[in-house]
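Please find below a note on the model, arranged as numbered points. The sequence and structure come before the points.

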Amino acid sequence: MCTSITMTTKDQHVLLARTMDFAVVLEAEPTFIPRNKFAFVNDENDDRKNDYAFVGMARQVDDGHFVFADGLNEKGLSCAALYFSGYAGYNSQDTSKKYTLAPHDVAPFLLSTCSTIEEVTRTMENAQVENTALDFLGIVLPLHWVITDKTGKSIVIEYTEQTLHIHENTIGVMTNSPDYKWHTTNLRNYIGLQPEQKTEVHLKDMVMKPFGEGAGAFGLPGDFTPPSRFVRAAFLKACLQDVQTELDGVTSMFHVLANVDIPKGVVKTTQAYDYTQYTSVMVNSSLNYYYKTYNNQRIRCIQLENEDFDATSGKIWSSGDSEDILYRNCKK
């Protein structure tokens with residue numbers, strides 16, 4: 001479970017925001033990777049390193065590998081991976097592709113190698129995503145991805161029935177299953193939603209008035225399923241007003257995503273509770289990465305452009321309860 005939103009402010013600040021909703025505690029921390037410090041093993045003869053520095057939420061699974069759920073690179077490209085259970089179907093049989101990737105490596109690979117949506121599209125058309133399990137979860141992650149560049153262009157990448165689909169993200173919203181086209185079609189069921197107040201209705205001799213303000217949004221789904229979160233996020237985003245500056249955009253994104261935030265205890269899986277472990281807002285134009293966690297609602301910001309893109313080691317910030325932004329060097 002996750003929800004993502006993209007938008008461009010009146011001052012042309014481009015943002016990609018997301019919630020990370022999951023039942024397994026990911027222990028994700030804000031992580032900076034300098035150039036040439038992140039290895040992708042495509043096959044036995046090709047150990048590719050990252051061209052671009054980037055920052056995002058990641059879990060370090062061993063001394064040389066990180067699993068990134070989202071991130072923002074030095075060229076102003078951002079990416080978020082979202083769960084796509086029941087629909088994701090990768091093509092592990094196409095040996096003619098240039099790149100071979102595990103599903104959990106797609107996001108950092110795109111951040112490492114691409115600067116525009118056009119480059120992302122070309123890269124994915126030459127990529128083979130294999131059914132490779134993520135060791136610490138023991139499963140092949142069913143994922144789809146939202147990517148945005150600094151011009152404001154945004155796409156959704158999905159694999160269904162072993163076929164690659166790249167959708168223009170015209171709505172600027174994505175959640176989980178079903179696929180992007182289904183979600184955009186489903187919006188037709190809610191065309192009566194509006195921010196304006198409903199007027200009174202006359203039924204014979206009876207006059208019925210709304211109980212209070214906000215009746216224009218009556219029928220807005222309030223549950224936590226992916227279709228309902230998609231509709232809720234799309235409606236709230238469409239109603240935003242006076243989003244001028246980066247600060248306005250970041251504030252608005254956190255407010256909208258607060259409406260799809262999942263408290264621990266309300267969504268129970270077979271063995272645990274799905275909940276919003278963190279929320280992040282990436283600003284492609286300024287290279288600022290904002291985030292807050294379940295246990296620390298204070299919004300913190302990492303300024304990517306202040307980091308040394310050619311540093312000899314990366315950096316991991318604390319995402320715990322402390323208000324101080326502490327960091328340690330990444331292990332090589």
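1. E307 is buried, with a relative accessible area of 16%, where buried means under 20% relative accessible area, exposed over 50%, and partly exposed in between (1.4 Å probe, protein chains only). K315 likewise counts as buried, at 15%. These two residues form a salt bridge whose closest N and O atoms are 2.8 Å apart; the term denotes a side-chain nitrogen of Lys or Arg within 4 Å of a carboxyl oxygen of Asp or Glu. Salt bridges that share partners also join R35, E74 and D310 into one network.

2. This is a predicted model, in which local features need pLDDT of at least 70 and side-chain atom pairs count only at pLDDT 80 or more, whereas totals for chains, interfaces and linings use all residues. Residues are numbered from 1 along each chain as its sequence is written, and side-chain values use heavy atoms, with hydrogens and water left out.

3. The structure holds 6 salt bridges. One of them pairs D310 with R35, at 3.0 Å from N to O. D310 lies in the loop between β20 (296-303) and β21 (315-317), and R35 in the loop between β3 (29-33) and β4 (39-43), so this pair ties together parts that are 275 residues apart in sequence. Strands are DSSP runs (E, at least two residues), numbered from the N terminus. R35 is partly exposed, at 24% relative accessible area.

4. A further salt bridge links K209 and E200, with 3.9 Å between the closest N and O atoms. K209 counts as exposed, at 60% relative accessibility, while E200 is partly exposed, at 36%.

5. Which residues form a nonpolar patch on the surface? They are V201, L203, M206 and M208, with about 370 Å² of accessible area together. The elements that give two or more residues to this patch are β16 (201-203) and β17 (206-208). Patches consist of residues with over 30% relative accessible area and no salt bridge; like charges are joined within 9 Å, and nonpolar side chains (Val, Leu, Ile, Met, Phe, Trp, Tyr) within 5 Å. Accessible areas come from the Shrake-Rupley method with a 1.4 Å probe, and for residues only the protein chains shown count as cover. V201, in strand β16, is partly exposed at 45% relative accessibility.

6. T279 is located in strand β18 (residues 275-283) and is buried, at 3% relative accessibility. Leaving aside neighbours within four places in sequence, T279 is in contact with R18, T19, F254, L257, D261, Y290, Y291 and K292, contact meaning heavy atoms within 4.5 Å.

Note on methods
Helix = DSSP H or I, 4+ residues; strand = E, 2+ residues; numbered from the N terminus.
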